[in-house]
Amino acid sequence: MTASNGSPSKLRTLRPWLITALLFAAVVGLIMWLHSTSSGAPAAQGGRGGRPAPGQMAAGQGGTAVTVSVAPVTKGDLPVHYHALGTVTAYNTVNVRARVSGQLVKVPFQEGQEVKAGDVLAVIDPRPFQAALDQAQGTLLQNQAQLKNAQIDLARYKGLYAEDSIAKQTLDTQEAQVRQFEGTLKTNQGQVADAKLNLEFTQVRAPISGRVGLRQVDVGNLVTSGDTTPLVVITQVKPISVVFSLPQQQLGTVARELYGNQPVPVQAMDRNQNQTLATGVLKTLDNQIDTTTGTVKLKAGFANDDHKLFPNQFVNVRLLAETLPGVLTIPANAVQRGNDGTYVYLVGEESKAKRQLVTLGTSESERVVVTEGLKEGDRVVVEGTDRLRDGTRMNIASSDEKARAAAGVEGDKSTAKPFGSDNPGQSSPAQDSGKSE
């Protein structure tokens, strides 16, 4: 009775331990199975635990090559340009005003017309001035006659005085009268010249050659020499100048080129810098630096035969500062920056990426000078760098024949097209590159 009652009690005591042992054995078996599965994976799948190795992470699963575009390191002369915002300025601007008062009777020019120096721009009623000239000329003739009569009397008095027939005082008086008439005649001659000049001023002439603007005064109005409103404004547009400013740090280079034997080319470009409006040369620079801005003003001259430059127009100035001879350059988008400095990815052996530190120099447009780290003929990655790591396999895509030749891609060059072409009749460079590998 006691034995039979004790057997179920022992089973109830052993049941928790049995369940725990079974669970432990199941967990150990599962761990061993997972370990054997991981150890038996192909080496191409990456490092420990099935995760890709650091050098293969950018290449994707299964060691797929990354498609990139490359460009060669070239050696040659690099022109360096300075850029600034300039204002088109006329060499001469004249506000044409009347120099005599009178009624405006004629305006022979057309608005916007090109005129030459001396062309008649306006005519003021000349009749009052012609009358004044006639009056001055009449007075002059009258005084000339009086002077001639006084000179004859003086000659007669000199003869009588020699015969001791008149007193010395009479001769002296006649000589004084002759000198008086000579002074009066001189005044009359000045009055005649002034009247002629005023008559000439009734024809308002262009003082310079240039382009006239809009007419400010209409025919029939009374104009005076003191009017603040000009009859018209003339601006010289051929040639024309552009005034711009550069930082004082660039002054040494510009001054050296300006005072050299060769002219310094300057381009005036539109607002978006897509079109060159005119090409000229640097004329001069200011004699002092603006202390408030740390810049110096420069002036460039342009022929402007096609009238593309207009006074007070804002343009983008592109000045050829210097030309660096025989330097190594690469595309600017090939340059990467990290904690240890600037670097690029080179095309290494077996088309694998090679991380190379470089030292950069002057940059110009989309090119940058490399002073250390590269040599002529090296190929650098310009597109696809975000997926690269040191040692990543690459599939080189070329966008032109030269790049294809640099990448060593064989095939018919006549079928080369930009990467991403959707022409079904031709293969893309990426496909050609993959076949060559």
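**Close-up views of a predicted chain**

**View 1. His 307 in its loop.** His 307 has a relative accessible area of 37%, so it counts as partly exposed. The model shown here and in the other views is predicted. The loop that holds His 307 runs between strand 14 (295–302) and strand 15 (314–331). The backbone of His 307 takes a positive phi of about 60°, although the residue is not a glycine.

**View 2. Glu 350, another residue with positive phi.** Phi of Glu 350 is near 55°, and this residue is not glycine either. Glu 350 sits in the loop between strand 17 (341–347) and strand 18 (353–357). Its relative accessibility is 67%; Glu 350 is therefore classed as exposed, the cut-off being over 50%.

**View 3. The cis peptide bond at Pro 239.** The bond from Lys 238 to Pro 239 is cis. Its omega is near -5°. Pro 239 belongs to the loop between strand 10 and strand 11 (240–247).

**View 4. Helix 2, residues 127–162.** This helix has 36 residues. From first C-alpha to last, helix 2 reaches 53 Å, close to the 52 Å expected at 1.5 Å a residue. Its buried residues are Phe 129, Leu 133, Ala 136, Leu 140, Asn 143, Leu 147, Ala 150, Asp 153 and Leu 154. An α-helix has 3.6 residues a turn, so positions three or four places apart point the same way. Asn 143 and Asp 153 are on the buried list together with Leu and Ala residues. The cover over the buried residues of helix 2 includes helix 3 (168–201). Just after helix 2, Asp 164 has a positive phi of about 65°.

**View 5. The largest nonpolar core.** This core has 34 residues. Leu 121, Ile 124, Val 212 and Ile 234 touch the most other members. Two or more residues come from each of strand 6 (120–124), helix 2, helix 3 and strand 10 (232–235). Helix 3 gives the most, with eight residues. Nonpolar side chains tend to be buried together in soluble globular proteins.

**View 6. The surroundings of Leu 121.** Sequence neighbours within four places are left aside here. The contacts of Leu 121 include Val 96, Val 107, Pro 108, Phe 109 and Val 115. Val 204, Arg 205 and Ala 206 also touch Leu 121. Val 212, Val 232 and Ile 234 complete the list of contacts.

**View 7. A nonpolar patch on the surface.** Phe 24, Val 28 and Met 32 form this patch. Together they have about 330 Å² of accessible area. Val 28 lies in helix 1 (residues 2–39). At 31% relative accessibility, Val 28 is classed as partly exposed, because that band lies between the cut-offs of 20% and 50%.

**View 8. The whole chain, for context.** The chain contains six helices and 22 strands. Of its 437 residues, 33% are buried. Contacts between residues at least 6 apart in sequence include 73% that join residues at least 24 apart. The chain exposes about 26900 Å², and carbon and sulfur atoms supply 51% of that area.

Methods: Residues are numbered from 1 along each chain as its sequence is written. This is a predicted model: local features need pLDDT of at least 70, side-chain atom pairs count only at pLDDT 80 or more; totals for chains, interfaces and linings use all residues. Side-chain values use heavy atoms; hydrogens and water are left out. Helices (H or I, at least four residues) and strands (E, at least two) are DSSP runs, numbered from the N terminus. The expected span of a helix is 1.5 Å times one less than its number of residues. Buried means under 20% relative accessible area, exposed over 50%, partly exposed in between (1.4 Å probe, protein chains only). Contact means heavy atoms within 4.5 Å. A nonpolar core is a set of buried Ala, Val, Leu, Ile, Met, Phe, Trp, Tyr and Cys residues joined through side-chain atoms within 4.5 Å. Patches are made of residues with over 30% relative accessible area and no salt bridge: like charges are joined within 9 Å, nonpolar side chains (Val, Leu, Ile, Met, Phe, Trp, Tyr) within 5 Å. Accessible areas come from the Shrake-Rupley method with a 1.4 Å probe; for residues, only the protein chains shown count as cover. A salt bridge is a side-chain nitrogen of Lys or Arg within 4 Å of a carboxyl oxygen of Asp or Glu.
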